[in-house]
Amino acid sequence: MRILYMNQGGGGQWGAIKYANYDLVLLAESNVLKEGFSLNWESKTNPVMSIQQKDGAGRIITEVTDLDVTAQQVRPMVTFTTKDGIRVVFVHLKSGSVNFATYALEAAIDAVKKKTQFDPKPLILWIGDFNRADGKLMDELGAKTIFSGGGQAWWDLDRAYISGDWKNYEIIASTPAKAGADHDHAAIGFEYCRK
């Protein structure tokens with residue numbers, strides 16, 4: 001499975017990306033359909049978040065659930081499961097406050113734990129715009145950073161983590177492009193397959 005995450009804020013000046021190389025496109029701040037893709041889910045918030053899947057792919061994700069159980073001071077956090085049983089947590093945390101972003105991430109982690117009955121074994125990809133949330137929360141979860149970048153100076157807004165035991169999978173994380181504006185967000189390409 002190949003997944004692409006992008007924050008489309010600031011007009012989405014990303015240059016050319018070969019979307020056809022991906023099965024899923026996770027967009028923060030956009031629901032504009034990419035060529036060859038269909039809308040699978042979108043939030044009812046402003047800014048919007050959307051999940052798009054390649055046309056003709058069939059049912060490749062299930063159980064799309066909003067994890068934002070906070071006082072709505074953050075943007076949505078959504079989780080779903082891929083057809084091969086990998087859970088994905090797609091986050092777009094509020095900027096401007098380390099405390100709000102960290103609190104929101106903590107709420108998302110707690111919600112995922114409840115969904116998985118506190119079992120640390122399920123394979124989970126955590127991906128998206130973490131803004132200024134404290135990454136120590138992910139360390140405490142036992143998650144491994146596979147991509148961290150984007151943003152000005154030390155921010156590392158765009159991140160991908162994996163938790164669970166991925167030893168039976170080959171994993172590739174890449175940066176297909178960086179935004180020309182909007183805090184230099186980095187797109188994240190994530191690919192996994194069984195060994």
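Me: What makes Leu26 a residue "in contact" with others, and which ones are they?

Reply: Contact means heavy atoms within 4.5 Å. With its neighbours within four places in sequence set aside, Leu26 has Ile3, Leu4, Tyr5, Met6, Ser50, Ile51, Phe80, Val88, Phe90 and Ile127 as contacts. Bear in mind that this is a predicted model, where local features need pLDDT of at least 70 and side-chain atom pairs count only at pLDDT 80 or more, while totals for chains, interfaces and linings use all residues. Residues are numbered from 1 along each chain as its sequence is written, and side-chain values use heavy atoms, with hydrogens and water left out.

Me: Why is the group around Leu26 called a nonpolar core, and which members touch the most others?

Reply: The name goes to a set of buried Ala, Val, Leu, Ile, Met, Phe, Trp, Tyr and Cys residues joined through side-chain atoms within 4.5 Å. Buried is under 20% relative accessible area, exposed is over 50%, and partly exposed is in between (1.4 Å probe, protein chains only). The largest such core has 28 residues, and Leu26, Ile51 and Ile127 touch the most other members. At least two core residues come from each of S1 (2–7), S2 (24–28), S4 (49–54), S6 (77–82), S7 (87–92), S8 (124–129), S10 (158–163) and S12 (188–194). Another core lies apart from it, with 20 residues that include Val112, Ile124, Met138 and Ala143. As a rule, nonpolar side chains in soluble globular proteins tend to be buried together.

Me: Why is Gln52 called buried?

Reply: Gln52 has a relative accessible area of 0%, so it falls under the cut-off and counts as buried. Gln52 sits in strand S4. Its side chain comes to 3.0 Å from the backbone oxygen of Val32. A polar contact needs a pair of N or O atoms within 3.5 Å; within protein, one must be able to donate a hydrogen and the other to accept it, and residues adjacent in sequence count only if both atoms are side-chain atoms. Beyond four places in sequence, Gln52 also has contacts with residues including Asp23, Leu27, Phe37 and Asn40.

Me: What makes S3 and S11 edge strands?

Reply: Two strands pair if DSSP finds at least two bridges between them. The open sheet has six strands in the order S3-S4-S2-S1-S12-S11, with mixed pairing. S3 (37–42) and S11 (169–174) each have a single partner strand, so one side of each lacks a neighbour in the sheet. Inside that sheet, S1 and S12 are antiparallel over four bridges, with Ile3 opposite Phe190.

Me: Why is S10 described as largely enclosed?

Reply: Six of the six residues of S10 are buried, so the rest of the structure largely encloses this strand. S10 pairs with S8 in the antiparallel sense over six bridges, where Gly128 has Arg159 as its bridge partner. S9 (residues 144–149) runs antiparallel to S10 through five bridges, with Thr145 opposite Tyr161.
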